[in-house]
Amino acid sequence: MICYNDNKNYERKVEILKAMAHPVRLAILEKLRAGDMCACVIADMFESDRTTVSKHLAILKKAGLVDDIKEGRNIIYHLKMPCILDVMPCIEKVIRQEQEQKCCCSNPE
């Protein structure tokens, strides 16, 4: 049985994971790993319109994954929780292993 305090922790974890669970938002997080970026630069990296990218940034900010700083007319985003991306190498390893198992070349008959 999960006690009430644990349940709040799980809910917070789920909130963070849900914020990451979109290809554009995950890509934004990975691009911010390299350093702070202006919202306009982030928006130009995607085929989506700026409004859509702005909504994705708002979701990431609400989840506590990113934060922003206003510099003149620009809004600069940075990772607030960079350690969250530490799980990516593990996920990528699993994906590579899955792909190797599906490749017809790796299992000659």
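Analyst: Welcome! Two strands pair if DSSP finds at least two bridges between them, strands being DSSP runs of E with at least two residues and helices runs of H or I with at least four, numbered from the N terminus. This is a predicted model, where local features need pLDDT of at least 70 and side-chain atom pairs pLDDT 80 or more, while totals for chains, interfaces and linings use all residues. Residues are numbered from 1 along each chain as its sequence is written, and side-chain values use heavy atoms, leaving out hydrogens and water.

User: How do you know that β2 and β3 pair?

Analyst: DSSP has to find at least two bridges, and β2 and β3 share 6 in the antiparallel sense, so they pair. Asp67, for instance, stands opposite His78 in β3. The two strands form a hairpin with 2 residues between them, and Gly72 in the turn has a positive phi of about 65 degrees.

User: What joins β1 to β3?

Analyst: There are 2 bridges between β1 and β3 (residues 74-79), again antiparallel.

User: What makes β1 and β2 the edge strands?

Analyst: The open sheet has the order β1-β3-β2. Both β1 (37-38) and β2 (66-71) pair on one side only.

User: Which helices lie across these strands?

Analyst: Helix α2 (residues 23-32) lies across β1, β2 and β3, at about 85 degrees to β3. Helix α4 (residues 50-62) lies across β2 and β3, at about 115 degrees to β2. These angles run from 0 to 180 degrees between N-to-C directions of axes fitted to C-alpha atoms, for helices over the stretch in contact (heavy atoms within 4.5 Å).

User: Why is His56 called buried?

Analyst: Buried means under 20% relative accessible area (exposed is over 50%, partly exposed in between; 1.4 Å probe, protein chains only). His56, in helix α4, has 9%, so it is buried. His56 touches His22, Val24, Arg25 and Ile28, leaving aside residues up to four places away in sequence.

User: What does the side chain of Arg25 reach?

Analyst: From helix α2, the Arg25 side chain reaches the backbone oxygen of Ala19 at 2.6 Å. The Arg25 side chain also makes a polar contact with the side chain of His56 at 3.1 Å.

Technical notes
A polar contact is a pair of N or O atoms within 3.5 Å; within protein, one must be able to donate a hydrogen and the other to accept it, and residues adjacent in sequence count only if both atoms are side-chain atoms.
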